[in-house]
Amino acid sequence: MFGDYSLADLSSIFVMQGFAGLILFSVYVLMALGLAIIFGQMGVINMAHGEFMILGAYVTYLCSTFFQTYLPSLFGGYFFVAMALAFLASGAMGMLVEWALIRHLYKRPLDTLLATWGLSLILQQAYRTIFGPREVGVELPSWMMGSIPVTDSIEVQINGLFVIAVTTVITLGVAVLIYRSRFGAQIRAVMSNRSMAGAVGIDTEKVDRTTFGLGCGIAGIAGSAFTMIGSTGPTSGQLYIVDTFLIVVFGGAASLLGTIASAFSISQTQSTLEFFLSGSMAKVLTLLAVVAILMLRPQGLFTLKVRR
């Protein structure tokens with residue numbers, strides 16, 4: 001298999017595969033962060049998480065079309081506007097869903113699975129009706145196209161570097177918000193002991209709604225980044241929902257660090273195996289390895305220490 005390649009060629013190929021794994025890792029982290037907040041912190045099984053992500057992708061598509069048509073001179077910076085609008089649109093819809101549906105089901109977690117699964121079907125049909133059944137693509141600004149040469153044989157994609165940078169900023173922002181802010185302390189207090197948090201004056205309903213909206217908003221940003229690596233269709237979100245849940249559970253449902261470590265492990269393993277095997281076989285082997293590890297360690301890679 002390797003007879004036709006020199007050592008330098010193999011090194012370059014592995015480096016490129018590693019970079020491709022970092023891009024996949026960044027997308028996985030963006031998708032899983034929102035779910036880690038909703039599922040890990042709130043205990044809500046949100047099967048419509050992929051549809052909130054695709055809402056962000058469609059908002060990015062609309063922004064791309066709008067800037068191309070009406071503001072071509074500002075097209076180079078439209079992606080930043082698109083990410084902000086994707087966060088606001090998905091977050092606002094998430095808060096609406098929490099108020100209309102989720103808040104009635106906090107004491108029945110399995111019912112949230114059925115309710116959000118039904119919601120995902122409704123949103124898929126809504127996207128199909130509004131945008132059509134065909135997949136749509138986003139035109140990227142010229143500065144995000146192309147690649148940067150690192151060596152004579154290694155180049156890195158500019159849009160891949162952009163996704164990695166966005167993921168880093170969002171991850172650090174979420175970590176600061178949850179672990180270093182007053183609102184983050186309220187989130188952790190409500191999820192730890194809702195009755196006691198309400199007794200000390202925390203508006204638990206407001207915290208619930210804002211937290212759910214935050215998780216959905218981050219999913220919207222993930223959808224915006226998703227447009228760089230794939231086309232957007234009504235059912236595109238369902239292609240990633242299993243991977244996203246698996247990342248959160250494998251890392252430890254309530255652990256932000258575990259989510260990041262899990263996404264890195266899965267993405268790098270899958271990317272490396274794709275060098276030796278087909279993409280589908282690499283995915284199957286990666287998922288089987290994760291399932292096997294979860295059978296030995298059901299709590300995931302990281303668990304929170306609980307004071308008893």
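## Cysteines

Cys216 is buried, its relative accessible area being 0%. In this predicted model, Cys63 is buried as well, with a relative accessible area of 8%. A search for disulfides across the whole structure returns zero.

## Overall make-up

The protein chain contains eleven helices and two strands. Read from the N terminus, its elements follow the order α-α-α-α-β-β-α-α-α-α-α-α-α.

Of the chain's 308 residues, 46% count as buried. When contacts between residues at least 6 apart in sequence are considered, 75% of them join residues at least 24 apart.

## Helices α2 and α8

Helix α2 covers residues 49-70 and helix α8 covers residues 204-226; their axes come within 6 Å and cross at roughly 55°. An angle from 65 to 115 degrees would count as roughly perpendicular and one under 35 degrees as roughly parallel, and α2 and α8 are therefore oblique to each other. Their crossing is right-handed.

On the α2 side, the contact involves His49, Phe52, Met53, Ile54, Gly56, Ala57 and Thr60. These meet Gly215, Cys216, Ala219, Gly220, Ala222, Gly223, Ser224 and Phe226 of α8. By class, the residues of this contact are eight nonpolar, seven polar and no charged. Cys216, listed here on the α8 side, is the buried cysteine with a relative accessible area of 0%.

## Helices α6 and α8

Helix α8 also packs with helix α6 (residues 182-192), at an angle of about 105° and with the axes 10 Å apart. That angle makes α6 roughly perpendicular to α8.

From α6, the residues in the contact are Phe183, Gln186, Ile187, Val190 and Met191. From α8, they are Thr204, Val207, Asp208, Thr210 and Thr211. The contact of α6 with α8 has five nonpolar, four polar and one charged residues.

## Val44, in the loop between α1 and α2

Val44 sits in the loop that joins α1 (7-41) to α2. With a relative accessible area of 1%, Val44 is buried, because the cut-off for that class is under 20%.

Once neighbours within four places in sequence are left aside, the contacts of Val44 are Ile38, Phe39, Ile102, Tyr106, Thr112 and Phe212. The C-alpha atom of Val44 is separated by 9.3 Å from that of Asp111, a residue 67 places away along the chain.

## Thr171, in helix α5

Thr171 belongs to helix α5, which spans residues 158-180. Its relative accessible area is 12%, and Thr171 is buried. Not counting residues up to four places away in sequence, Thr171 touches Val29, Leu33 and Ile260.

## Val290, in helix α11

Val290 is part of helix α11 (residues 279-296). Its relative accessibility is 4%, so Val290 counts as buried.

Apart from neighbours within four places in sequence, Val290 is in contact with Leu246, Phe250 and Ile266. Between the C-alpha atoms of Val290 and Ile247 the separation is 9.0 Å, and the two residues are 43 apart along the chain.

Methods
Residues numbered from 1 in each chain as written. Predicted model: local features only at pLDDT ≥ 70, side-chain atom pairs only at ≥ 80, totals over all residues. Heavy atoms only, no water. Disulfide = S-S within 2.5 Å. Buried < 20%, exposed > 50% of the residue type's maximum accessible area, 1.4 Å probe, protein only. Axes fitted to C-alpha atoms, helices over the stretch in contact; angles between N-to-C directions. Helix = DSSP H or I, 4+ residues; strand = E, 2+ residues; numbered from the N terminus. Parallel < 35°, antiparallel > 145°, perpendicular 65-115°, else oblique. Left-handed = near helix turned anticlockwise from the far one by under 90°. Contact = heavy atoms within 4.5 Å. Nonpolar A, V, L, I, M, F, W, Y, C, P; charged D, E, K, R; others polar.
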